[in-house]
Amino acid sequence: MKIKSIEVFVLNDKLDKPFYFSQWSYSERKICLVKLSTDEGVVGWGEGYGPADVLAAGVKLLSQYVIGMNPLDNETIWDVMYRRSLDYARRGILVAAISAIDMAVWDVKGKILNVPVHQLLGGKKRDIITPYATGLYFREEKNLPKALADEAIEYKELGYKAVKMKVGMTIEKDIEMVREVRKAIGDDMELMVDSNHAYNLREAVKLSKAIEEYDIGWFEEPVSPEFYSQYAELRNATTIPIAGGECEYLRYGFHQLLRSNAVDIAQPDIAACGGLTEVKKISTLASTYGKEIVPHSWGTYIAISAAMHFISNLDNVPGRMFNSNFWMEHDRTDNDLRDQVTIPDFEVKNGEIKVSDKPGLGVTIDEDAFKSFCK
């Protein structure tokens with residue numbers, strides 16, 4: 001069996017209600033999807049995280065080197081792409097392009113062998129994963145803290161046991177928003193915050209100290225991903241666990257993050273950091289440092305399902321009879337590309353996700369919706 005073709009698609013959708021976070025605003029959702037077909041008619045899908053048009057160019061560049069290869073040889077395919085891009089893309093968009101193709105390879109491999117991706121990764125260590133709702137972005141509201149609190153209550157009523165909110169406006173506004181959301185959801189729901197590297201170290205310490213009383217599950221990307229030592233300093237200055245890594249690439253980048261003692265929780269994005277082939281190695285590396293992994297996932301159900309299979313295979317570090325929750329990010333922001341184009345083989349019930357056993361990633365593409373959003 002051989003890879004016959006790798007097609008790349010850019011899908012675009014204008015949002016009815018724009019939203020924003022600490023860095024910029026979103027008025028549209030735009031994604032890059034990859035369709036990999038074999039000479040025996042098996043099709044797999046992958047997704048990259050980053051600027052969709054640039055990603056598409058990267059996928060086209062790398063595809064020429066792997067056409068004709070055996071899709072079962074995922075590590076060999078990955079190595080060819082990595083070596084072809086190493087001299088000029090040790091981080092960033094071409095690594096995300098590798099990730100998109102790699103994800104499609106795993107989907108095809110599972111379908112060929114008629115097994116789910118978690119079995120290809122080495123086996124399912126848990127049937128149930130706990131999703132947390134990602135939302136509470138900034139938007140134009142007369143009373144934004146109340147609007148965010150109301151949104152958080154909606155997630156709680158849907159059964160979610162945790163929610164992640166954006167911070168990074170100003171320290172004063174952030175404190176007010178966190179206070180209102182915690183008050184609304186009560187003490188029996190986890191609350192995490194994410195500033196998308198909006199602050200310098202002094203500001204991040206100040207904000208951390210101010211919101212410690214609200215029992216924050218983790219503070220995500222508090223400072224720039226370039227400043228490993230500042231992450232480490234912040235960890236020593238607050239009781240809030242520190243998370244980061246969505247802007248990190250390959251096991252080599254995560255090695256620097258981990259050996260700097262920068263985070264309590266590493267957050268590789270499977271659609272950007274090197275794909276499933278590489279994130280498996282990143283998870284092994286993280287286990288040697290005794291760090292938790294909660295993948296970043298912000299796209300369609302292709303990427304979200306890849307995260308589900310990966311999390312189901314993660315080691316218990318340390319192991320014990322009664323293990324804690326394994327969190328999985330579940331983006332709840334408006335995204336018709338996610339909700340109409342991709343159909344997952346799971347649903348959130350009572351704040352839990354039952355891991356899919358469908359071959360490959362377990363995602364179905366709605367062809368009519370797909371065509372309607374293609375650029």
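The model is predicted: local features need pLDDT of at least 70 and side-chain atom pairs count only at pLDDT 80 or more, while totals for chains, interfaces and linings use all residues. Residues are numbered from 1 along each chain as its sequence is written, and side-chain values use heavy atoms, with hydrogens and water left out.

The protein chain has 13 helices and 15 strands, taken as DSSP runs numbered from the N terminus (helices H or I, at least four residues; strands E, at least two). Its radius of gyration is 20 Å, close to the 21 Å of the globule rule for 375 residues, so the chain is as compact as a globular protein of that length. That radius is taken over C-alpha atoms, and the rule is 2.2 Å times the number of residues to the power 0.38. Along its principal axes, the C-alpha trace spans about 60 × 45 × 45 Å.

Of the 375 residues, 57% count as buried, meaning under 20% relative accessible area with a 1.4 Å probe, protein chains only. The largest nonpolar core has 82 residues; such a core is a set of buried Ala, Val, Leu, Ile, Met, Phe, Trp, Tyr and Cys residues joined through side-chain atoms within 4.5 Å. Helix α11 (residues 301–313) gives the most to this core, with nine residues. Apart from this core lies another, of 34 residues, including Tyr249 and Leu250.

Met165 is among the residues with the most contacts inside the largest core. Leaving aside residues up to four places away in sequence, Met165 touches Leu148, Val178 and Leu191, among others (contact means heavy atoms within 4.5 Å).

Notes
Buried < 20%, exposed > 50% of the residue type's maximum accessible area, 1.4 Å probe, protein only.
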